Amino acid sequence: MTDAFEVAQLALLGEAVEWLQDVAVFVWDEDRHYVAANQAACELLGRTRDEILRMRVGDMTENRASPLFEEVQHGGAIHSGVMESPAGRLNYLTCRTRVAGLPYMISVCWRAR
């Protein structure tokens, strides 16, 4: 069972991620469906959260067949690089994580300079 301190920490982290400026955060499931996106993700992509949550990983990038998705889902390592998107060139970090005890992947993106 999670104690009050852990609940407070998770709430603080969740709120901090929601309002990061210029850093998009996406959470996606093993079927590659987006299940969460922060406000910066919406602003960066010019889409609503509802639109993003109806999409799958790869729908917004040029390299849709990348083996990266498989590696992240099964490997667990942190992957990073630069990708082309409708928002332009983006740096990204992607890795496996757990949310509410379930396996998910998280991607953090920001504009490449």
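The legends below describe close-up views of a predicted model. Residues are numbered from 1 along each chain as its sequence is written, and side-chain values use heavy atoms, with hydrogens and water left out. Because the model is predicted, local features need pLDDT of at least 70 and side-chain atom pairs count only at pLDDT 80 or more, whereas totals for chains, interfaces and linings use all residues.

**View 1. The open sheet of 5 strands.** The strands (DSSP runs of E, at least two residues, numbered from the N terminus) follow the order β2-β1-β5-β4-β3 with antiparallel pairing, where two strands pair if DSSP finds at least two bridges between them. β2 and β3 are the edge strands, each pairing on one side only.

**View 2. The hairpin of β3 and β4.** Strand β3, residues 79-85, pairs with β4 in the antiparallel sense over 7 bridges, and the hairpin that joins β3 to β4 runs through 2 residues. Within this pair, His79 stands opposite Thr94 of β4.

**View 3. The pairing of β1 with β5.** These two strands run antiparallel and are joined by 5 bridges; Val27 has Ile106 in β5 as its bridge partner.

**View 4. The largest pocket.** Its volume is about 410 Å³, and of its 18 lining residues the closest to the centre are Leu13, Gly14, Val27, Val99 and Ile106. A pocket is an open set of points on a 1 Å grid over the protein atoms alone, where a 1.4 Å probe fits, with protein on both sides within 12 Å along at least five of seven lines; lining residues have an atom within 4 Å of a point. The volume is the space filled by probe spheres set on the points, which are joined across faces, edges and corners.

Methods
Helices (H or I, at least four residues) and strands (E, at least two) are DSSP runs, numbered from the N terminus.
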